[in-house]
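Subject: Structure handover

Hello,

Here is the structure for you to take over. Please open it first, then read the notes below it.

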Amino acid sequence: MRNREISVGDVFRMQHFEKPNLGGEYIQKHCLPYKKSAIIVPYRNRKHHLHTFLNYMHYFLQQQHISYRIFIVEQNDDYSFNRAKLLNVGALEAVNQNYTCLIFSDVDLLPLNTGNIYACSRLPRHMCSAIDIFRFNLPYEGLFGGVISIRSDQFKLVNGMSNEYLGWGGEDDDFYRRLKHHNITPYRFSPQVSKYTMLTHNKEKPSEDRFEKLERASDRQQIDGLTSLSYNHIVKLKSLYTHILVK
Ligand code: NGS
């Protein structure tokens with residue numbers, strides 16, 4: 001496969017893709033998959049983005065000749081959005097279905113280079129270092145949010161993400177610290193390959209206690225994460241994705 005850059009205009013054009021299996025699973029027909037990628041998306045209340053994301057991502061991922069399934073993990077209450085907890089839930093569901101490669105993606109981020117492979121390697125990867133709204137510049141070196149890949153064994157090793165970040169900001173920095181604590185340093189592909197476009201939306205108000213939580217991040221690592229995760233959920237198989245509704 002040759003790397004190909006996709007123009008932002010083409011992102012919004014309806015592109016052809018093969019119909020995935022019910023639940024948004026796509027299995028390569030011409031080679032047995034060695035590994036399958038779980039694309040896990042925390043979600044609430046952004047129907048328009050979801051529609052664009054699903055149609056574009058199936059098209060994009062199928063260019064990469066990988067096997068994958070898209071999981072949409074939706075928060076079904078009016079409390080502040082808990083992005084990291086939704087990712088923990090999605091990861092557990094994916095692991096239960098034998099996925100060993102986890103790709104966490106926000107619903108508003110669309111990759112523009114087919115060389116940005118949605119698969120896992122030895123180290124976790126920050127996949128979206130060059131986003132158009134930041135003029136394709138990385139805001140800071142330790143940024144580990146937006147779209148990342150990580151193997152499920154590494155995710156379990158660091159006890160997943162913290163469940164305690166309500167509202168916008170900080171949970172990804174906390175996760176980065178967990179990895180560093182275990183001497184795992186994420187890496188990046190070149191900015192050219194890591195190009196994304198972000199779908200437009202109003203900026204959310206940052207949560208007020210995120211810095212306070214971050215300060216005590218390492219104290220909580222053992223007790224706050226996959227080991228303390230409790231939730232109720234319903235799983236439904238939709239034509240383009242597996243829907244996990246979480247309370
Ligand atoms: C940091 C946030 C991160 C966030 C990053 C990029 O300031 O959670 O900005 O945000 N950390 C804290 O607030 C402690 S972005 O510019 O992409 O909207 O991911």
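Predicted model: local features only at pLDDT ≥ 70, side-chain atom pairs only at ≥ 80, totals over all residues.

Residues are numbered from 1 along each chain as its sequence is written, and side-chain values use heavy atoms, with hydrogens and water left out.

**Helix 5 and what follows**

Helices (H or I, at least four residues) and strands (E, at least two) are DSSP runs, numbered from the N terminus. Helix 5 is mostly covered, with eight of its 11 residues buried. Buried means under 20% relative accessible area, exposed means over 50%, and partly exposed is in between (1.4 Å probe, protein chains only). The buried residues are Glu171, Asp172, Asp173, Asp174, Phe175, Tyr176, Arg178 and Leu179. Their cover includes helix 3, strand 8 (147-151), helix 4 (152-157), helix 6 and helix 7 (217-220).

Just after helix 5, Asn183 has a positive phi of about 55°. His182 sits in the loop between helix 5 (171-181) and strand 9 (195-198). His182 counts as partly exposed because its relative accessibility is 26%. Leaving out residues up to four places away in sequence, His182 touches Leu157, Val158 and Gln221; contact means heavy atoms within 4.5 Å. His182 and Ser207 are 25 residues apart in sequence, and their C-alpha atoms are 27 Å apart in space.

**Two buried polar side chains**

Ser194 lies in the loop between helix 5 and strand 9. Ser194 counts as buried because its relative accessibility is 1%. A polar atom of the Ser194 side chain lies 2.8 Å from the backbone oxygen of Ser190. That is a polar contact: a pair of N or O atoms within 3.5 Å, where within protein one must be able to donate a hydrogen and the other to accept it, and residues adjacent in sequence count only if both atoms are side-chain atoms. Neighbours within four places in sequence aside, Ser194 is in contact with Asn116, Met127, Cys128, Ser129, Ala130 and Phe189.

Asn88 is in helix 3. Asn88 is buried, at a relative accessible area of 0%. A polar atom of its side chain lies 2.8 Å from the backbone oxygen of Met161. Beyond four places in sequence, Asn88 is in contact with Phe155, Gly160, Met161, Asn163, Gly225, Leu226 and Leu229.

**Pockets and cavity**

On a 1 Å grid over the protein atoms alone, a cavity is a set of points where a 1.4 Å probe fits but cannot get out; a pocket is an open set with protein on both sides within 12 Å along at least five of seven lines; lining residues have an atom within 4 Å of a point. Grid points are joined across faces, edges and corners, and a volume is the space filled by probe spheres set on the points.

The largest pocket has a volume of about 1,200 Å³. Its lining has 40 residues, and Asp106, Asp108, Trp168, His201 and Glu204 lie nearest the centre. Strand 2 (36-43), helix 5 and helix 6 (210-215) are the elements that give two or more residues to this lining. By class, the lining divides into 17 nonpolar, 11 polar and 12 charged. Ala, Val, Leu, Ile, Met, Phe, Trp, Tyr, Cys and Pro count as nonpolar, Asp, Glu, Lys and Arg as charged, and the others, Gly among them, as polar.

The second largest pocket holds about 160 Å³. Of its 17 lining residues, Lys35, His65, Ile66, Ser67 and Ala119 are closest to the centre.

There is one cavity of 30 Å³ or more. The largest cavity is lined by Arg83, Leu87, Phe104, Phe144, Gly145, Ile148, Met161, Asp172 and Phe175.

**Strands**

Two strands pair if DSSP finds at least two bridges between them. Strand 5 and strand 9 are antiparallel over three bridges. Leu110 has Thr197 in strand 9 as its bridge partner.

Strand 10 (233-237) and strand 11 (242-246) run antiparallel, joined by five bridges. They form a hairpin with four residues between them. Lys236 has His243 in strand 11 as its bridge partner.

Best wishes
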